[in-house]
Amino acid sequence: MTFAPDPLDPDDDRPPYEQVASSLGAAIRTRKIAPGEKLPSHKELTEMYGFARATIQRALRELEDEGLVVSRKGSGVFVRNRTERPAGLRPYVEQAFASNAVTIDFAGFSSETLHGALQEPLDKIRVGRLTPSSITVRILVPDMSVPQAAPVRREDCGDDERLRTRMHDIMVGYARSIRDSMAELRHLGLVPETSVDVRVHSGTQFFKLYVINQEDAFFGYYPIKPNTVVAQGETIEIYDLVGKDTVLFHHSVNDSDSSSGAQQVQQARMWFDSVWETIARGFDLDGK
């Protein structure tokens, strides 16, 4: 294997093991190191990165925890063969922002997880470590002005406007924060073009979907679970869509045109565009 890592950023203030894990993770996600391929030995990685063996070992443990690699005793460390595995969203979002033109399509119940995943790359743009020329975000969420299958009251599975208002406010809060952060980058001259567009549809969103730079798709289901919330000052027992710990499965066009992963990304893009361009309606985050 002739893997040559990209130079590490000398201004990166993360611990060395995180820098190495990030570099190797990016090489795996972009298929510079192919699925099933063996990583360089500890000794080779030590020479490549210039860090101690203990740093390399910790970086490899990080990659193993992410599900990107598997260690085989006596044989070495290998990239996992399957790309359709549970995956963390944050490293892929940060990697996407290294591109010149960044696109993120999100369909889900709110945009809370997306909001969290964006914070680190946006911070890196503010300090000049990432320099995209454009960022386009499309957010597709349910219309909480109409009854939904969930959230509903637990006692009778009945619709409750207070629950829908609560979810509406949560969605608007995160979407506004994303929009305002992007606008700030544009106003500061850090990113020449930014766009955040929100549309709503009448159906209940039972899954979440991210399409990153048209190349990577992440899909996961929202389980419905009992929950207790406070809405308009009253405690209500409900059945709720719970998405915080949703397992996301990753698919990439980099697998090959005929692979399951590439087809999954193609179908995800097709589905999102079909809803966005037909039954989805424009939504004003400022309520004007």
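Two strands pair if DSSP finds at least two bridges between them; helices (H or I, at least four residues) and strands (E, at least two) are themselves DSSP runs, numbered from the N terminus. The structure is a predicted model, in which local features need pLDDT of at least 70, side-chain atom pairs count only at pLDDT 80 or more, and totals for chains, interfaces and linings use all residues. Residues are numbered from 1 along each chain as its sequence is written, and side-chain values use heavy atoms, with hydrogens and water left out.

An open sheet of seven strands runs in the order β11-β8-β7-β3-β4-β6-β12, with mixed pairing. Its edge strands, β11 (249-252) and β12 (281-282), each pair on one side only. Within the sheet, β4 pairs with β6 (residues 193-201) in the parallel sense over nine bridges.

The loops hold some backbone exceptions. Most residues other than glycine have a negative phi, and most peptide bonds are trans. The bond from Ala150 to Pro151 is cis, with omega near 5°, and Pro151 lies in the loop between β4 (134-142) and β5 (152-153).

Asn213, not a glycine, has a positive phi of about 55°, in the loop between β7 (207-212) and β8 (216-221). Asn213 counts as buried because its relative accessibility is 14%; buried means under 20% relative accessible area, exposed over 50%, and partly exposed in between (1.4 Å probe, protein chains only).
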